[in-house]
Amino acid sequence: MTDIARAAGCSQATVSFVLNNSPGIRLSQQTRDRVIEAARSLGYSPPVFSALRPAVTPFEGLDGVIGFAVDQLATSPEAVVAIEGARQASWNAGNVLLVAQTMGDSVMEPRAIQALTRRGISALIYMTIFTREITAPDFLYSLEIPVILLNCYTADYAFPAVVPSEIAGGQSATRHLIGHGHRRIATITGEPWMQAAQDRLKGYRRALATADIPFDPELVVEGDWSASAGYAATVKLLALKDRPTAIFCQNDRTAIGCYEALKEAGLHIPQDISVVGYDDEEIARHLFPPLTTSILPHLAMGQWAIEQLETPPTPGRGRYPITKLECPLVERESVARVRDKSG
């Protein structure tokens with residue numbers, strides 16, 4: 001939708017309204033034609049509008065209602081994206097999604113799940129905001145419906161689980177900079193206790209090792225995912241005697257602060273220093289220059305969770321592998337080849 005919106009010169013919301021033939025939305029035929037033409041020119045199949053869709057049959061074993069429990073919803077765009085992915089896949093199969101925010105509370109979470117089961121859900125998607133190994137609460141094991149874990153997993157592999165492939169994502173982002181001739185590559189991490197920060201750093205180090213670039217701890221600055229931390233870390237990196245030619249910011253908000261510090265220092269992106277982010281938040285494409293970044297696959301993770309219900313896992317039986325979905329790199333204008341210092 002982002003690509004189509006850019007090509008059609010409209011908002012992502014407009015693209016969504018057109019492609020889904022949303023009722024009650026008044027758009028000119030010219031706008032609709034422009035969106036459809038942009039979609040076709042980019043190689044997408046013409047949309048099959050809701051009114052033309054044939055009746056669909058719910059997945060075998062489901063009665064049309066799926067529960068979605070997440071620990072945090074109001075403060076996290078990732079949860080909303082994952083829910084939308086599940087919603088799209090659910091509706092395509094004629095199923096309805098019921099969502100509950102649990103806050104991970106030991107008392108209220110089981111009550112929230114119980115409220116969902118009383119409404120006749122046929123399966124449950126259980127999501128955490130931070131990617132991590134969890135100790136699944138006892139009530140998950142006692143449910144007599146399929147349970148899918150999203151953005152988390154258990155040590156006993158008792159449930160199908162899906163998480164982002166963060167190590168590969170960090171490796172891909174760093175390798176992109178190496179491919180542009182950079183060898184003095186810094187990274188600004190997230191909070192070190194978080195698995196996402198640990199894995200993105202592992203990917204960074206693997207990419208350096210694969211390219212025979214020595215790891216320099218001076219080029220790794222700890223942040224906290226915020227723009228202010230990105231600003232402070234970039235100031236620190238610029239003070240180095242041999243400053244980096246590229247900075248891998250481990251999320252887009254960090255990159256915002258990095259941009260500000262570089263511009264305040266009179267440096268140009270990417271001519272003087274290349275910058276890569278991570279997460280592909282909406283702001284990334286509106287920065288100047290637009291930010292090269294990696295997509296967190298929460299939309300695909302939500303869709304994946306629903307797809308597992310085509311052949312529902314048997315509650316309380318078996319060991320299931322952890323599925324890791326790719327974090328694709330979106331190349332924009334914030335990366336350039338490193339300048340030849342001899343020239």
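Reply: Helix α4 (residues 77–92) and helix α11 (residues 298–307) have axes that come within 7 Å and cross at roughly 40°. Helices here are DSSP runs of H or I with at least four residues, strands are runs of E with at least two, and both are numbered from the N terminus. The axes are lines fitted to C-alpha atoms, for helices over the stretch in contact, with angles running from 0 to 180 degrees between N-to-C directions. That makes α4 and α11 oblique to each other (under 35 degrees would be roughly parallel, over 145 roughly antiparallel, 65 to 115 roughly perpendicular, and the rest is oblique). The crossing of α4 and α11 is right-handed, so the near helix is turned clockwise from the far one by less than a right angle. On the α4 side, the contact (heavy atoms within 4.5 Å) is made by E78, V81, A82, E84, G85, A86, Q88, A89 and S90, and α11 brings H298, L299, G302, Q303 and I306. Sorted by class, that α4–α11 contact has six nonpolar, six polar and two charged residues. Nonpolar covers Ala, Val, Leu, Ile, Met, Phe, Trp, Tyr, Cys and Pro, charged covers Asp, Glu, Lys and Arg, and the others, Gly among them, are polar.

Before going on, a caveat: this is a predicted model, where local features need pLDDT of at least 70 and side-chain atom pairs count only at pLDDT 80 or more, while totals for chains, interfaces and linings use all residues. Residues are numbered from 1 along each chain as its sequence is written, and side-chain values use heavy atoms, with hydrogens and water left out.

Another pair is α9 (residues 227–238) with α10 (residues 252–264), packed at about 45° with axes 6 Å apart. α9 and α10 are oblique too, and their crossing is right-handed. Among the contact residues are Y231 and L238 of α9 and C258 and L262 of α10. The class tally for α9 with α10 is eight nonpolar, four polar and three charged.

C249 is buried at 0% relative accessible area (buried is under 20%, exposed over 50%, partly exposed in between, with a 1.4 Å probe and protein chains only).

Finally, P290 lies in the loop between β9 (274–276) and β10 (293–294). Leaving aside residues up to four places away in sequence, P290 touches Y259, A284, R285, R332, E333 and S334.
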